[in-house]
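Here are a few notes on one helix packing and some ring pairs, for you to check against the coordinates.

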Amino acid sequence: MAAAAAAATSTSTTLIRKPSSISPLPISKFTLPFAFNPKKPRSLHISNSRSKPASASSTTASPATTEKFSFSRFSPDQPRKGADILVEALEREGVKDVFAYPGGASMEIHQALTRSDRIRNVLPRHEQGGVFAAEGYARSSGLPGVCIATSGPGATNLVSGLADALLDSVPLVAITGQVPRRMIGTDAFQETPIVEVTRSITKHNYLVLDVDDIPRIVREAFFLATSGRPGPVLIDIPKDIQQQLAVPNWDVPMKLPGYLSRLPKNPNELHLEQILRLISESKKPVLYVGGGCLNSSEELRRFVELTGIPVASTLMGLGAFPVGDELSLQMLGMHGTVYANYAVDKSDLLLAFGVRFDDRVTGKLESFASRAKIVHIDIDSAEIGKNKQPHVSVCGDVKVALQGINKILESGGAKWKVDFRAWREELNEQKVNNPLSFKTFGEAIPPQYAIQVLEELTDGNAIVSTGVGQHQMWAAQFYKYKRPRQWLTSGGLGAMGFGLPAAIGAAVANPDAIVVDIDGDGSFIMNVQELATIRVENLPVKIMLLNNQHLGMVVQWEDRFYKANRAHTYLGDPSNESEIFPNMLKFADACGIPAARVTRKDDLRAAIKKMLDTPGPYLLDVIVPHQEHVLPMIPSGGAFKDVITEGDGRRKY
């Protein structure tokens with residue numbers, strides 16, 4: 001699932017100033033993110049939904065705060081700084097790890113973090129690395145990720161990560177320092193109106209104007225980030241609020257009546273039976289599952305077991321259903337398998353669960369599943385009918401809906417018995433005739449082969465992160481993901497530089513797991529500084545770099561649609577094209593990380609095995625030919641009939 005549309009306006013709080021003879025502050029060219037007139041309330045607009053019904057009462061508690069918090073560094077009536085209140089509020093939400101980079105406006109928060117023995121700060125080397133690491137933490141664990149940055153450039157460096165989390169529905173709480181309240185709107189040093197900047201790329205955001213609001217705002221932020229359709233929430237805290245002494249009231253209720261009232265109820269059983277009737281009447285049904293199914297993998301597998309319906313996954317949905325299962329069609333869409341796209345094109349019933357009919361999946365909308373009736377289940381009402389009008393829709397949690405459907409199937413006996421063997425045999429024939437394959441380039445290493453060997457040596461159990469580009473698509477095609485939250489990639493935004501910091505977050509959240517960043521040279525170098533974080537934290541992140549010296553995906557489009565005219569897509573040194581540039585091994589060496597380079601296919605298996613067997617972090621620079629293309633490929637805006645299955649950069653088009 002991608003993220004909900006526009007975010008809400010920030011919460012306003014009354015700011016009481018002492019009488020002063022100082023003249024009013026000049027108003028800057030930026031709109032202030034709070035009202036000057038405290039008597040005029042601002043409306044709260046929040047777009048999201050949650051699966052289970054909740055009371056509209058403002059006293060509803062966040063799930064994370066239901067467990068009693070029994071420890072505090074302060075006595076109940078002891079005044080403490082706002083920064084200490086913030087850190088304890090995070091502790092009360094169960095936060096154990098944050099990714100925070102200090103600066104002038106956030107120093108107080110970092111000082112408070114040093115006084116906490118419950119929260120570990122993993123210091124990134126760039127704020128974008130911090131927010132992507134928080135995403136990797138959240139994507140791999142299902143828990144909200146937390147990142148902290150200072151005001152101005154620190155806060156704006158979070159923007160790509162917030163947009164990425166919104167589009168891919170990742171629970172994230174971002175905390176930023178802000179200039180003191182009296183300086184807001186004066187174009188002060190390192191001042192940016194980050195609430196305004198991020199309004200449309202967060203699920204909700206807050207500007208804290210009263211230290212007493214911190215406990216409530218933090219509770220609301222985590223509740224909003226994790227309930228319904230997950231997403232990023234930003235809390236902007238002025239420095240004087242961080243420094244102000246106060247005694248916190250931890251029992252102040254949340255104030256989200258409008259949000260709670262809009263959370264969807266459990267699905268109606270009549271609607272679920274209507275879906276089952278459509279299934280029983282169909283001959284060629286297909287499941288189209290996305291990121292919205294990551295929390296309902298068990299229910300999805302049971303549904304497939306009961307019905308025998310084949311499963312096609314989106315990029316975000318990989319792992320929700322085991323890719324290696326005989327009923328898996330793997331990924332559909334622009335670079336999906338021929339048989340997945342064939343199944344959707346020929347289907348008479350499309351069961352769209354936790355998806356948003358993204359353009360990279362559908363291509364030409366009019367041609368997508370044009371023969372099929374469509375059932376759409378999604379937790380976000382804004383997605384239903386947005387791109388493709390369904391015949392039956394259920395706005396609710398896919399997990400709850402599948403539980404209901406499975407219960408009806410299990411208790412219905414012969415009434416709901418279905419047999420799709422003929423359809424599965426037709427699709428199995430497509431699998432035989434149109435398998436995923438790749439070319440050979442003499443002794444050079446096919447990038448797909450490198451991923452196959454990695455999958456074999458890790459037994460398909462690694463947590464895999466990627467950057468964006470050709471390597472990302474090959475990792476989606478050739479690694480057989482067994483479970484949800486094993487596959488971490490920037491889907492909706494397509495943010496290069498995501499892979500390395502996301503692997504950091506995954507390694508922090510899953511200390512006993514094998515974590516591999518399959519990266520491209522273009523994406524890797526965008527956040528290469530995070531090698532320092534990996535070394536200092538001694539995180540066992542393995543980096544398999546598919547290095548073709550080019551921006552591979554753009555090169556592929558140049559080959560196909562621009563007569564192979566190279567327009568600034570070569571990343572090496574034009575004056576010495578025979579040498580690999582830059583030397584990625586020296587980046588690793590500078591950070592004390594062991595590294596090696598492999599150029600021949602015959603040496604690849606031993607090199608990957610050494611990478612996996614070496615304790616701690618390791619970088620393997622795998623040199624691959626830039627002429628290889630990601631296939632199959634349905635051109636942008638095309639239909640299944642336009643699928644390309646042949647060719648590479650060695651021929652002209």
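1. A definition to start: a crossing counts as right-handed if the near helix is turned clockwise from the far one by less than a right angle, and as left-handed if anticlockwise. Keep in mind that this is a predicted model. With that convention, H3 passes H18 in a right-handed crossing.

2. On the geometry of that crossing, H3 (residues 127-141) and H18 (residues 499-509) have axes 6 Å apart, at an angle of about 50°. The two helices are therefore oblique to each other.

3. Who makes the contact? From H3 come Gly-129, Phe-132, Ala-133, Gly-136, Tyr-137, Ser-140 and Ser-141, and from H18 Pro-501, Ala-502, Ile-504, Gly-505, Ala-506, Val-508 and Ala-509. By class, the contact residues are nine nonpolar and five polar, with no charged ones.

4. On to the rings: there are twelve aromatic pairs in the structure. One to look at is Phe-303 with Phe-353: the ring centres are 6.2 Å apart and the planes sit at 50°, so the pair is tilted. This pair links distant parts of the chain, as Phe-303 lies in H11 (residues 297-307) and Phe-353 in strand E12 (residues 349-353), 50 residues apart. Phe-303 is buried, at 0% relative accessible area, and Phe-353 is buried too, at 1%.

5. Trp-557 and Phe-561 form an edge-to-face pair, 5.3 Å centre to centre with 70° between the planes. Both belong to H21 (residues 552-561), and being four residues apart there, they are separated by about one helical turn. Trp-557 is partly exposed at 25% relative accessibility, and Phe-561 is partly exposed at 40%.

6. Finally, have a look at Tyr-288, Phe-357 and Phe-368, which ring pairs link into a cluster.

Technical notes: Residues numbered from 1 in each chain as written. Predicted model: local features only at pLDDT ≥ 70, side-chain atom pairs only at ≥ 80, totals over all residues. Heavy atoms only, no water. Axes fitted to C-alpha atoms, helices over the stretch in contact; angles between N-to-C directions. Parallel < 35°, antiparallel > 145°, perpendicular 65-115°, else oblique. Contact = heavy atoms within 4.5 Å. Nonpolar A, V, L, I, M, F, W, Y, C, P; charged D, E, K, R; others polar. Phe/Tyr/Trp six-rings, centres within 6.5 Å; stacked < 30°, edge-to-face > 60°. Buried < 20%, exposed > 50% of the residue type's maximum accessible area, 1.4 Å probe, protein only.
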